[in-house]
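Me: I have not seen this structure before. Could you take me through some of its side-chain pairs and buried residues?

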Amino acid sequence: MKKYLFLVLVAGIALTGCNSIKVTRMDTDEVTDLSGKWNDTDSRIVAEELMKDMCSRPWASDFKMANGKNPAIIVGTVRNKSSEHIEVIPFIKNIEREVINTGTADIVASADERESLRAERLDQQEYSSEETAKKLAQEYGADFMLQGVITTITDQVKKKYTIYYQVNLELINIENNKKVWIGNTEIKKFVEKANLKA
């Protein structure tokens, strides 16, 4: 019986050792290109570059001069037409953060976000005090919509390949459909798969 328990204990330790996981915390600004695919660094850098360019162009100052206020932007659809799965929500949030931080334009809530806000305002009409309940039909309408697309081109020979990403964004006047800014940026990565043979 003791020999059996010893073998079960050794087998358990061996299996635990095979399945061990090592986790190392990293600085979120540190570049980690493990697979060569689109990652958090790409999302952050592309958003910073494009929004810096967009907010420095004449459309924003022209609008403010004509209207006496910052333009309001809603981020619409950013389509992933690339050859890989790219989660666009973090990219959209990076865009919104960069625009707000410039102070050049205001960001209004997306369609999904507005639904929950509208439900909250309706709830307040019934359950909140008159002094604290928020008024209905006071939403800030967007002046411009930002939308775009992410595409890729991959070129591969055996274990070497390049991935070319192109991100195109367009800012469109909602009232008259006029495009006031078009921006794009590219990222190109060279990936070489290691030979695992001993």
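Predicted model: local features only at pLDDT ≥ 70, side-chain atom pairs only at ≥ 80, totals over all residues.

Me: How many salt bridges does the structure hold?
Reply: Side chains of opposite charge can pair when their charged atoms come close. A salt bridge here is a side-chain nitrogen of Lys or Arg within 4 Å of a carboxyl oxygen of Asp or Glu. The number of salt bridges in the structure is 10.

Me: Which residue forms a salt bridge with Arg121, and at what N to O distance?
Reply: Arg121 is buried, at 17% relative accessible area (buried means under 20%, exposed over 50%, partly exposed in between, with a 1.4 Å probe and protein chains only). Its side chain meets that of a residue in a salt bridge at 2.6 Å, N to O, and that residue is Glu139.

Me: Which parts of the chain does the pair of Arg121 and Glu139 tie together?
Reply: The salt bridge joins the side chains of Arg121 and Glu139. Arg121 lies in helix α5 (residues 111–127) and Glu139 in the loop between α5 and β3 (144–157), so the pair ties together parts 18 residues apart in sequence. Helices (H or I, at least four residues) and strands (E, at least two) are DSSP runs, numbered from the N terminus. The parts tied together are thus helix α5 and the loop between α5 and β3.

Me: Which strands hold Glu192 and Lys160?
Reply: Glu192 and Lys160 form a salt bridge, with their closest N and O atoms 4.0 Å apart. The pair ties together parts that are 32 residues apart in sequence, because Glu192 lies in β5 (residues 179–192) and Lys160 in β4 (residues 160–173).

Me: What is the geometry of the aromatic pair of Phe63 and Phe144?
Reply: Rings of Phe, Tyr and Trp (its six-membered ring) pair if their centres lie within 6.5 Å; planes under 30 degrees apart count as stacked, over 60 as edge-to-face and the rest as tilted. A search of the whole structure finds 4 aromatic pairs. For Phe63 and Phe144, the centres are 5.5 Å apart with 70° between the planes, and the pair is edge-to-face.

Me: Where do the buried residues of α3 fall, seen down the axis of the helix?
Reply: Trp59, Ala60 and Phe63 are buried in α3. Their directions, taken from the helix axis to the C-beta atoms, fall within an arc of 100°, so they line one face of the helix.

Me: What covers the buried residues of α3?
Reply: The cover is found by contact, meaning heavy atoms within 4.5 Å. It includes α2 (40–55), β1 (72–80), β3, β4 and β5.

Me: Is Leu50 buried or exposed, and which residues is Leu50 in contact with?
Reply: Leu50 lies in helix α2 and, at 3% relative accessibility, counts as buried. The C-alpha atoms of Leu50 and Leu169 are separated by 8.1 Å, although the two are 119 residues apart along the chain. Leaving aside neighbours within four places in sequence, Leu50 is in contact with Val167, Leu169, Trp181, Gly183, Asn184 and Thr185.

Note on methods
Residues numbered from 1 in each chain as written. Heavy atoms only, no water.
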